[in-house]
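Hello,

Here is the structure I promised to pass on to you. Please have a look at it first, and then read on for what turned up in it.

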Amino acid sequence: MVPRFSLLLATFLSGAAALIFEVVWVRLLTQVLGHTTAAVTAVLAAFFLGLGLGSFLASRIVERTRHPLRIYAGLEVLIAVLGVSMPALVGLTEGVFLSGEGGVSEGSLFPVIRFLLAVSVLLLPTLMMGATVPLLTHVLTRNRFELGDTSGLLYAVNTVGAVIGTLLAGFFLIETFGLLSSCQIAGILNVTSALLVLAASPFVLRRSESLYFDAPDPEGDGIEDVEHVHERAGKWVLIAIGLSGLFALSYEVLWTRLVGMFLVNSSYSFTLILATVLLGSAVGALFMSRFVDGLRRPAFLLGVSQVLLGTLAVTTLFLLQALNERMSMNLDGPIGKLVGSFVEEGSYGGTVASEALGICAFFLTPTLIMGMTFPLAVRLYGGAAYRGRLGGETGGHTAGRSVGSVLYANTLIGLFGPPLTTFLLIPWLGVANSLVLLGVLQALFGVVLILLTAEVTAPMRWVFATLVVAPGVFFLTLLPRDIQVWKSPNDTKLIAYREGSAATVAVVLDSGGLPRLKMNNTYSLGGGEGRLIEARQGHLPVLLAKSHLRNVLVIGMGTGNTARALSRHSIEELSVVEIVPGVIDLTSYFAPPGEEPLEQEKVKIIGGDGREVVLRSKKSYDLVVGDLFFPWRAGMSELYSQEHFERIKEKLALGGVYCQWLPLYQLSPDCLGIVVRTFLSVFPEATLWMGYPKANDPIACLVGGATETLVDPQALEVKLRDELVRSHLQAVGFREPVDVMSLFVTGPTKLKETYLDRLGQGEITTDDRPILEFRAAREHSRQREFGLANLRFLLELRSPPGPELVSPLGGELAERRDRVYRAMGKILEGHAHEMEGALDLRTNVAPAYAVMYMQRSIDAYCEALEIAPSHDFALIVLRAKADTAMNEGHLPEAISILEEVLGRIEPKADLLGRLGVAWYLEGDPGEALGPLNQCLALDARATLARIYLGKTYLALDRPDEAEQALMTAKNEMPAHPVLNAALGELYVSLGRIEEAKNALSLALQGNPRDSESRDLLQKITEKP
């Protein structure tokens, strides 16, 4: 018993070490090859290839050795040595990867090269891993009548160890100790496993005669009488278990994509998925191993398992379609509410528990069945081998060979599942239809397996086939032909949809009718304020960089608005990197006609991982812009790592600038400190700037690289007067140099004093220890607080740029700068009050305080206008607040904002026009008339105000003045749908039916969703 326990403990530790190594090795290799789907798939395929070949070799070695445990121990020690050496081996691979002009990744052979590089690093250690289970099975199986029991038990114990290893690596080791130390810990587990086996070997070797299947039945219970059941199944079992592995790994890819629509998609999420898959397999194998050796029809059960798995695959799709948006994994959804009954709301534990429940709902049942197939297949194959159907002669076929053969078939055929699904099925059919196709094929395969192998009469086979196939055909006829796994919320309209190998991407219209980009249904970009923010992310770095820009690199494309803004400047070559191909396809939905950067010769779109592109690039860049990377998303934190910053610094030309944008609403103050310290470790002269300080989603940027004076007002003036971009810069609030300088937060001296001295704990995020990724994911459930906390802290940090950062200013310009700087401070204060009120409303704490905070925010914005009346940022904020209130139907709030602003500053045409429109929409044309006329007195070209002036006159029953206003507007915007709808209504009231029909038809051409115009046109058309 002691040797048996020692060997089981050894295989447990071996499984734990193997998964720690796998998690770490995948990270190490993707740091070199990139985090693209192709790179990850290549690494995993290389991993499975090694495991399969190792199982194959072990199945042959066990028959030729009398000391299998010594071989096992030696393999475990070698795995430990190679595993600990893996970081150095990957470093050597990086040198090969980057060798040659342009790097080896250029050209159509890159996927093959990726795979070969991964194989070259992983083959030897994974080959050894694959050999371990067959060797121990060979030793522990006393006779052929325990083959299924022993193999299933070993597989289960090894897999439970893998579950523990996965959880240890994903939740503790990598964050706490780093990748190299995690490898060392896994190596210790391997060595411990080897020592346990060596300690048990003297006891095991005394019964070497039991290692072969020719031993008699010790129980004499007649099991041998049913061995003939296995004969027919033997020649099919390797094909069956191989295809089962292919289907299983394909489902794992598809189900991960499906549940990814509702998960946080952090490293913890994917750790939970992997652990759940392994746990289900272990429990299934353990359950089946208890009685598999006594089954009379194991082939029949193997076939039934395939039918059940195929059916479950399609059923999960129906489950998803039924639950759709309601199946939220956060604490607001049904699953979250269940979790919230026993964990603290908004806690890290609650998020993990909620995700774990949702993952189990998708993965646990099918993986239980998958685990059951392994001992079934081993028992079938081993029985057939003993009967002489596979090995030539009866007898002499070992347990180790049977287990090794089943494992290599399962692994080697299974490794084709992920690339087949990722690169062929998903792009061709989409996630849902791929799941249906694979489910149908597996169910049909199960039927065929039963018909070919099961010990049943011919009539019964056909009856069974009919009972399975007929309902299956009927079932499939109920499926929609075009299944989309993403559905837009009720207040949006889905207008474009792409399912690719990397993600599901959609374009929807928000409540204001503006397009937004959504990826995997977890976050969105674009919209009204989004366009302005994204454009500023391109314009501000150019204004802070040197004058002549030859090569510019943007990491992250999103809606393309940042790249589009950059492309308007005098740049010789603009390279834009985007890892998700579907995003590139959909950027046209966010571009004004004729302004799509994909169509410009100087813009080069690169599909791939930003780190990989920087690593391979042979160019020097005058400007590099890093997009807003969400640090909690798996793999994203590496774009904030010290090594990544160092590589960018190496690629900067003399005087080049690197601008890294920071989502303050996604970074806790602690995580923001980690990013700042990491940046300072590479760019010690870094400065911090605000982006557009949006209240809900504030952003900032770290700027480093250039050593000369950062801001030169004279050079800024030249850039701002550039006729190519002047109007675009003014649209985002950059009219004069002081507008740029007002965004300055602090310089290197105060950054170091704050983050390296006062708040410094020495923590930075590196490739070896990516603490940011785990810390951000753990704090993700509290992200509602982050924007406010960071905004308050940045308000404390703010200090005007000194002479070491800004060229000397004249008296008037210095005074202007100070006023605008103070005005920006008031805007930030207003945002802080607004966010405090929003938090109070979300938590239902003292709604009266929320209203008070909202009023304080308006007061702060108006104070900013009083300090600097022409300051565009303050006006942009107030316009945006009024527009948001109007778009959401909160007209009294919009009117209150606009009237308070206009009561404090000189009248402005655009604000008066908005006030008039708001009064009209509120149903009070008498109040609307004054502001609209005042607007047009200040700006006769305010066409929208003139249109609503015509509608106002029409509502006041003054048709002549209404027609005059509308016809004047028609000269400016003849196709405007609101204008033509108003003209149609006017002509109907005047009895000019034909003119009304023409106007209403034009209105519907411009806006097909205008139900009022459609109803009115139908009414006058049907009227005799």
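A term to start with: a residue is called buried when its relative accessible area is under 20%, exposed when that area is over 50%, and partly exposed in between. Lys 826 has a relative accessible area of 21%, so Lys 826 counts as partly exposed. Please keep in mind throughout that this is a predicted model.

Now the overall picture. The protein has 1024 residues, and 58% of them count as buried. You will find 38 helices and 12 strands in it. Among contacts between residues at least 6 apart in sequence, 76% join residues at least 24 apart. The accessible surface comes to about 40000 Å², with 59% of it belonging to carbon and sulfur atoms.

Next, the charged pairs. Side chains of opposite charge can pair when their charged atoms come close. How many salt bridges does a search of the whole structure find? The search gives 21, and three of these pairs are worth a visit.

Let us begin with Glu 175 and Arg 778, whose closest N and O atoms are 2.9 Å apart. This pair links distant parts of the chain: Glu 175 sits in helix 5 (residues 147–177) and Arg 778 in helix 26 (residues 771–778), 603 residues apart. Glu 175 is buried, at 9% relative accessible area, whereas Arg 778 is partly exposed, at 25%.

Then there is the salt bridge between Asp 767 and Arg 611, with 2.8 Å between the closest N and O atoms. Asp 767 lies in the loop between helix 25 (748–758) and helix 26, and Arg 611 lies in helix 19 (residues 610–616), so the pair ties together parts that are 156 residues apart in sequence. Both Asp 767 and Arg 611 are buried.

Finally, the surface. Glu 899, Glu 922, Asp 924 and Glu 927 form a negative surface patch. Asp 924 is found in the loop between helix 32 (909–921) and helix 33 (925–938), and is partly exposed, with a relative accessible area of 30%.

Conventions. Residues numbered from 1 in each chain as written. Predicted model: local features only at pLDDT ≥ 70, side-chain atom pairs only at ≥ 80, totals over all residues. Heavy atoms only, no water. Patch = residues over 30% accessible without salt bridge, like charges linked within 9 Å, V, L, I, M, F, W, Y side chains within 5 Å. Areas by Shrake-Rupley, 256 points an atom, 1.4 Å probe, with all protein chains shown as cover. Salt bridge = Lys/Arg side-chain N within 4 Å of Asp/Glu carboxyl O. Lys, Arg positive; Asp, Glu negative; His and termini not counted. Charge placed at Lys NZ, Arg CZ, Asp CG, Glu CD. Helix = DSSP H or I, 4+ residues; strand = E, 2+ residues; numbered from the N terminus. Buried < 20%, exposed > 50% of the residue type's maximum accessible area, 1.4 Å probe, protein only. Contact = heavy atoms within 4.5 Å.
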